[in-house]
Amino acid sequence: MSFYISGTGSSLPKKKVTNDDLSKILDTSDEWITSRTGISERRVLSSETLLDIAAEAGRNAMENAGTSPADIDMILCATLSGDFVTPSMSCLLKDRLGLNAKYVYDVNMACSGFVFALEMASVYFDAGKVNRVLVVCAEAISRLLDWNDRSSAILFGDGAGAVVLEKGDGLKDLVVNTKADSAVLHISGVESNSPFSEGYAKVDKRVVMDGQGVFIFAVSAITDGLSTMIEKNGLTPDDISMYLLHQANTRIINSARKRFGQPEEKFPHNIEKYGNTSSASIPILLDEVNRSGKLKKNDKIILGAFGAGLSTGFCLIEWQK
Ligand code: ACO
């Protein structure tokens, strides 16, 4: 099918915020956060813009792929937290990176955004419209949080991850799904200042999340999505070299790992350093494992994402670098 991943990149803001830092402004503790989530610290934008780290991740991915900006036909940016409402992050990236890209789109599918962007790219490859695509996932969730709400403020971090896709046979299967349920998890937009508004866009709370509801959804969605992808492709869990899952909670990652009886090294994680970076979490992790030399040619890798929507995305790839 359509493409293979020829390069990866990532970029994180320089400002680290530890659990102890949060304990000074919220009624929480390092012990509670690490035991319930696995997170020790996260990165938060301070002097940088989201475009700064998104562009650095994109540049790193192009360097890793040995591709020049002039060769990119399409740029997709997965984000729910761009620097502007408009222009889109993908337009800003086209300008900053000096791309020729003819097709330029943002994808807002929250934490599942990377897999949804890969799905969009595959359609353009299959239609013969593109030879090289840059996918950048960049999130500044710190701007959207209620920093007085300990149940959500401790979970998220900012960051960017990117991949270059080239025409080839690395994509073996890809499935996306949405359940259309905004009650369990949503982040409100900016309150309307229209003199004609009758409270339609009134914002009571920035992040509305039923933590346990999302947790229960995530555990069963990840287990079902992984089993379906493995069985549908005539594989067993042992045939998969690496499972790269959305980094939302180590308890969610571990429950999937135990369900499939797999060793820890096959379910890598970096949530302890970066928290939940939404759509950027899988490409940042992919960049880490790629650069650490852990991926070998022909390795089968499953990407598994879930997030607001409620949405899920699963993708089976064969590593071809
Ligand atoms: N520090 C200390 N205590 C806290 C904190 C905190 N930061 N947050 C909540 N508590 C308290 C609660 O008030 C509650 O106290 P109570 O028993 O006195 O009422 C107690 O801890 C237990 O709260 P729960 O919500 O039941 O804790 P739980 O074990 O479910 O963990 C968590 C909460 C970490 C949010 C978990 O449910 C989770 O990870 N859910 C998934 C969330 C997620 O992944 N969201 C992002 C989705 S991605 C996207 O698309 C944006």
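Ala, Val, Leu, Ile, Met, Phe, Trp, Tyr, Cys and Pro count here as nonpolar, Asp, Glu, Lys and Arg as charged, and the others, Gly among them, as polar. By that rule, the shell around the ligand divides into 11 nonpolar, nine polar and four charged residues.

This is a predicted model, in which local features need pLDDT of at least 70 and side-chain atom pairs pLDDT 80 or more, while totals for chains, interfaces and linings use all residues. Numbering runs from 1 along each chain as its sequence is written, and side-chain values use heavy atoms, without hydrogens and water.

**The ligand and its shell**

The shell holds 24 residues. A residue is near a molecule if one of its heavy atoms lies within 4 Å of it. The closest are Thr28, Arg36, Cys111, Gln212 and Asn249.

Some residues make polar contacts, meaning pairs of N or O atoms within 3.5 Å. Each row below pairs a nitrogen atom of the ligand with a protein atom.

| Residue | Protein atom | Distance |
|---|---|---|
| Thr28 | side-chain N or O | 2.6 Å |
| Arg150 | polar backbone atom | 3.0 Å |
| Gly211 | backbone N or O | 3.0 Å |

Taken alone, the ligand exposes 1000 Å², and the protein buries 75% of that. These areas come from the Shrake-Rupley method with a 1.4 Å probe.

Which elements give two or more residues to the shell? They are α2 (30–37), α6 (150–153) and α7 (211–232). Helices (H or I, at least four residues) and strands (E, at least two) are DSSP runs, numbered from the N terminus. α7 gives the most, with four residues.

Why does the ligand lie between two domains? Domain 1 (3–169) and domain 2 (173–318) both give residues to its shell, so it lies between them. The domain bounds come from an automatic or database assignment.

Most residues other than glycine have a negative phi, and most peptide bonds are trans. The bond from Thr86 to Pro87 is cis, with omega near 0 degrees. Pro87 is in the loop between β4 (74–78) and α4 (89–97). The bond from Gly309 to Leu310 is also cis, with omega near -10 degrees. Leu310 belongs to strand β13 (residues 309–318). Ala180 is not a glycine, yet has a positive phi of about 50 degrees. Ala180 lies in strand β8 (residues 171–181).

Notes
Polar contact = N/O pair within 3.5 Å; in protein donor to acceptor, adjacent residues only side chain to side chain.
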